[in-house]
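I opened the model to look up a few positions and what lies around them. My entries follow in the order I made them.

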Amino acid sequence: MDPINVFEYEALAKQLMDPVYWDYYAGGSDDEVTLQVNRTDFNRIRLRPRMLVDVSHCDTRTTVLGQLIEMPIMVAPTALHGLGHTEGEYATAQGAGAAGTLMTASTESTRTLEEIAQAASGPLWFQLYIFHSLKLAAELVRRAEAAGYQAIVVTVDLPILGNRERSKRHTISIPLSALKEMVTGVEEEELRREPMTWETIDWLRSITHLPILLKGILTAEDAVLALEHGVDGIIVSNHGGRQLDGAVSSIEALPEIVEAVGGRCEVYMDGGIRRGTDVLKALALGARAVLVGRPILWGLAVDGSKGVQQVLKILQTELERAMKLAGCPTVASINRALVKWT
Ligand SMILES: Cc1cc2nc3c(=O)[nH]c(=O)nc-3n(C[C@H](O)[C@H](O)[C@H](O)COP(=O)(O)O)c2cc1C
Ligand SMILES: CCCCCCC(=O)C(=O)O
């Protein structure tokens, strides 16, 4: 029987996947407190639906950085899609495009960024890790520009890897060290680790005209600094609970960041989105759109590109139903008055 919600994709993916790979996808850091609150904090928010609104036509479309997408739900950057399905990121890119939305390709992909762009039928952003040299980062940005990626998403919450204990229990380790080569296809002579600071963002701004988004911002203070350093968007994220355990949930961090930004750039969020009502709550709290991480990997593991498309379709259908029940016929009509914290 076909899965009817994303949790059923999760259960199927777990059955199908090698436990070592499953634990890499599923795990958080330390005691997985942040992983849990990313979900449970959605339950602290209640909806205040409005009645007697004509919802016979409901439109889930929106724009992100001017790009039209069919739903305010995008694919978050996640590493190593090849662990879930032999077609890896090809399948994800095709599934996202078929669903009418945007995919963010990870620096840690199992396919090169050019290969992903060739396979894709929808818009793409490129997620950049700057932890080797600036020379390598500049080369990746140049290649992303040439391949038609529409924005650079710089992940700022991984100065070091979080303590992923589920993976530590396995004797086989995930081949993350090989990834740089897979992505770049070139040997780098310089293997030092580049410390990333706000100056690095200034440097990045100076080498590309593509929009720059910072992923991993959790405070109003950093959101203001991001604007001062010329970014075009902010992704409120705690990396799916995989970095600093005990960090605030993304949905709890969202309002203070939206307030601090005051409409000066687009704000997105990820972390714990599993239902259409989660998307509705995030939009009501000021997110322009959300990104989804693990559920995409579950769809990919279960049924390749079709699974990815279906996961996105389920979330879109749930969002559309929730919008109608809440009296919101368009994405633009979703506002702060729709939610209250309990
Ligand atoms: C298996 C896995 C790999 C990830 N790899 C990356 C990555 O390469 N780059 C990145 O910026 N974030 C990465 N993330 C974090 C996601 O982009 C996103 O922030 C997180 O998955 C959102 O939470 P969710 O899984 O609850 O939707 C990864 C997350 C997972 C689960
Ligand atoms: C040192 C390599 C880090 C890759 C991290 C991929 C990722 O973001 C995640 O596993 O989470």
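I started at proline 159. Proline 159 sits in the loop that joins strand E7 (152-155) to helix H7 (165-168). Helices (H or I, at least four residues) and strands (E, at least two) are DSSP runs, numbered from the N terminus. I checked burial next. A residue is buried if 20 or more other C-beta atoms lie within 10 Å of its own, exposed if 12 or fewer, and partly exposed in between, with C-beta atoms placed from the backbone. Proline 159 counts as exposed, because it has 11 C-beta neighbours inside 10 Å. I then took a distance. Proline 159 and phenylalanine 131 are 28 residues apart in sequence, and their C-alpha atoms are 7.7 Å apart in space.

A note on the source: this is a predicted model, where local features need pLDDT of at least 70 and side-chain atom pairs count only at pLDDT 80 or more, while totals for chains, interfaces and linings use all residues. Residues are numbered from 1 along each chain as its sequence is written, and chains are lettered from A and ligands numbered from 1 in the order in which they are written.

**Two more distances**

I looked at tryptophan 203. Helix H9 (residues 198-207) holds tryptophan 203. Tryptophan 203 is partly exposed, because 15 other C-beta atoms lie within 10 Å. From tryptophan 203 to alanine 138 I read 9.7 Å, C-alpha to C-alpha, across 65 residues of sequence.

Isoleucine 4 came next. Isoleucine 4 belongs to the segment before H1. Its 9 C-beta neighbours inside 10 Å make isoleucine 4 exposed. Isoleucine 4 and arginine 164 are 160 residues apart in sequence, and C-alpha to C-alpha they are 30 Å apart in space.

**The annotated site**

Where does UniProt place the feature "active site"? The unreviewed entry puts it at His239. I keep in mind that UniProt positions are given in the numbering used here, feature names are shortened, and annotations may be inferred rather than shown by experiment. Histidine 239 lies in the loop between strand E9 (233-236) and helix H11 (250-261). Is histidine 239 buried or exposed? Histidine 239 is buried, since 26 other C-beta atoms lie within 10 Å. I listed its contacts, leaving aside neighbours within four places in sequence: Asp157, Leu158 and Gly216. Two residues are in contact if their C-beta atoms, placed from the backbone, lie within 7 Å.

**Ligand 1**

I counted the shell. Ligand 1 is surrounded by 23 residues; a residue is near a molecule if its C-beta atom, placed from the backbone, lies within 6 Å of it. The closest are Ser106, Thr155, Gly240, Gly293 and Arg294. By type, the shell has seven nonpolar, eleven polar and five charged residues. Here Ala, Val, Leu, Ile, Met, Phe, Trp, Tyr, Cys and Pro count as nonpolar, Asp, Glu, Lys and Arg as charged, and the others, Gly among them, as polar.

Which residues of helix H1 (residues 6-16) are buried? I found Val6, Tyr9, Glu10 and Ala13. These lie on the same side of H1, because they cover an arc of only 105° around the axis. The arc is that of the directions from the helix axis to the C-beta atoms. On the face turned away from the buried side, H1 carries the exposed residues Ala11 and Gln15. Helix H13 (294-326) is included in what covers the buried residues of H1.

For H3, the buried residues are Thr34, Leu35, Val37 and Asn38. They pack against H11.

**Positive phi**

Most residues other than glycine have a negative phi. I noted two with a positive value. Glutamate 32 has phi near 60°. Glutamate 32 is in the loop between helix H2 (19-26) and helix H3 (33-40). With 18 other C-beta atoms within 10 Å, glutamate 32 is partly exposed. Leucine 52 has a positive phi of about 60°. The loop between strand E1 (45-47) and strand E2 (62-64) contains leucine 52. Leucine 52 is exposed, with 6 C-beta neighbours inside 10 Å.

**Whole chain**

I ended with totals. The chain has 13 helices and twelve strands. Of its 342 residues, 51% count as buried. Its C-alpha trace spans about 65 × 50 × 40 Å along the principal axes.
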